[in-house]
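The sequence and structure are shown first.

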Amino acid sequence: MAIAAMFAVACSKDDDNKKDDPKPDPKPVDEYTGPVEGTSEWSVVGTLLESNWGSGAHGDYVCAESDGVFVLKNVKLVATDEFKFRQNKAWDNAYKGVFASLGAAFDVDNEPGGDNIKPGLDGIYDLYLNVASAQAAIVAKDGAAPSWKPAGPQPSGAITIDGDFSDWAALDPTKISETYGDEDATHPVLEMAVVYADANYVYVYFEYDAESIEHEPDVEHVPFHIYINTDGDATTGGFGDQWADACIDFLLEGFIYPDGAEIGSYDPGACSWSGEVNGSGWKWAELAGEGFCEGAGVEGKYEIAINRSVVAATGFPIADTFSIGFDIQQGWNSVGILPNEAPSEENPAGLGMTLEVVTDK
Ligand SMILES: [Ca+2]
Ligand SMILES: [Ca+2]
């Protein structure tokens, strides 16, 4: 009985207090104060708020800048809004791109055509632009700054490294070099390769017999090598093991990994020939550097962009006219080599000449 009595006392006390409290004010509704503008050259312009593509009551909303990254915070968007980032409130440099997901960096570009940024978001957000790496991101209001994708090679020319090979069909056939494996070759798994070189990149497309390639269960990788006679000079370099002209100066050694249904990117290391001139043997000296390539593909087909300026930084710039060869390996043995030839009495190993490539400038 004593406990019940205590509760009764407590309850009556609470009731007394409530009666004494003044009635609380209704919770104030947050008033939207608009984007937080800065003083940089970059602004956001579009259908949002009072922008109306620069001709609305407010016009451009100017981004703040910090360490080369531009941001416009506290922006109210509705789902139908679209916008661009532009420089100096002019259209010479105006970035658009395809929004991916909240907080994730996405690529932007200044190319003609294509859609404005259409986030399809309804709410208040911070809009980020990273000009140096041509990326943008949209994050929740006052959310963490986005993490930018590494600024690796950004092939922006004729070929996009995306595992979609339709761009290769659009190349001028007089500007490409191609090689097809001989059906009697001793290392037949690489079936064909196409090379296209512009001033900034060397692009490679190749096909291999997917049924002959197993991703090794322990490491799940398949070695793929790119051998380049970077100086185009047949009297320097070596590696007569795989090509009759034995003039390779520079090697990219990397792996193609399965990544779900796709084959992941190609991120090789580099070596230079350290054997005798026009000699043979696995004689390579490791070179410093990273970010030489980007690659993408599906089982049996793959495309790579080789960044010429990153290669040049190792001391082996790729000449306008150069030659190239490839192998794909299993258990560290070449099972496919291109170019190749059918073995014969004079050429029992079936060695071919490296593939000559002339840069399209
Ligand atoms: Ca492509
Ligand atoms: Ca050479």
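## Contacts and overall composition

In this predicted model, 60% of the contacts between residues at least 6 apart in sequence join residues at least 24 apart. The secondary structure comprises 3 helices and 23 strands. Of the 361 residues in the protein, 34% are buried.

An open sheet is built from 9 strands in the order 2-1-5-6-7-9-8-4-3, with antiparallel pairing.

Lys-96 lies opposite Asp-109 of strand 7. In general, strands of a sheet pair through backbone hydrogen bonds, either parallel or antiparallel.

## A hairpin of strands 21 and 22

Strand 21 (residues 321–330) pairs with strand 22 (residues 333–338) in the antiparallel sense, over 5 bridges. Asp-327 has Ile-337 in strand 22 as its bridge partner. The two strands form a hairpin with 2 residues between them. In the turn, Gly-331 adopts a positive phi of about 55 degrees.

## Nonpolar cores

The largest nonpolar core contains 55 residues, and Leu-190, Ala-193, Val-195 and Val-204 have the most contacts inside it. Strand 12 gives the most to this core, contributing 7 residues. A second, separate core has 25 residues, including Leu-48, Leu-72, Tyr-125 and Leu-127. Nonpolar side chains tend to be buried together in soluble globular proteins.

Val-195 illustrates the contacts made by a member of the largest core. Leaving aside residues up to four places away in sequence, Val-195 touches Ile-176, Ser-177, Val-202, Tyr-203, Val-204, Ile-324, Leu-355 and Val-357.

## The loop at Ala-199

Ala-199 is located in the loop between strand 11 (190–197) and strand 12 (201–208). Is this residue buried or exposed? Ala-199 counts as exposed because it has 11 C-beta neighbours inside 10 Å, and the limit for an exposed residue is 12 or fewer.

When residues up to four places away in sequence are not counted, Ala-199 touches Thr-359 and Lys-361. The C-alpha atoms of Ala-199 and Asn-307 are separated by 9.7 Å, although these residues are 108 residues apart along the chain.

Definitions and conventions:
Residues numbered from 1 in each chain as written. Chains lettered and ligands numbered in written order. Predicted model: local features only at pLDDT ≥ 70, side-chain atom pairs only at ≥ 80, totals over all residues. Helix = DSSP H or I, 4+ residues; strand = E, 2+ residues; numbered from the N terminus. Buried ≥ 20, exposed ≤ 12 C-beta atoms within 10 Å, placed from the backbone. Contact = placed C-beta atoms within 7 Å. Pairing = 2+ DSSP bridges. Core = buried A, V, L, I, M, F, W, Y, C linked by C-beta atoms within 7 Å.
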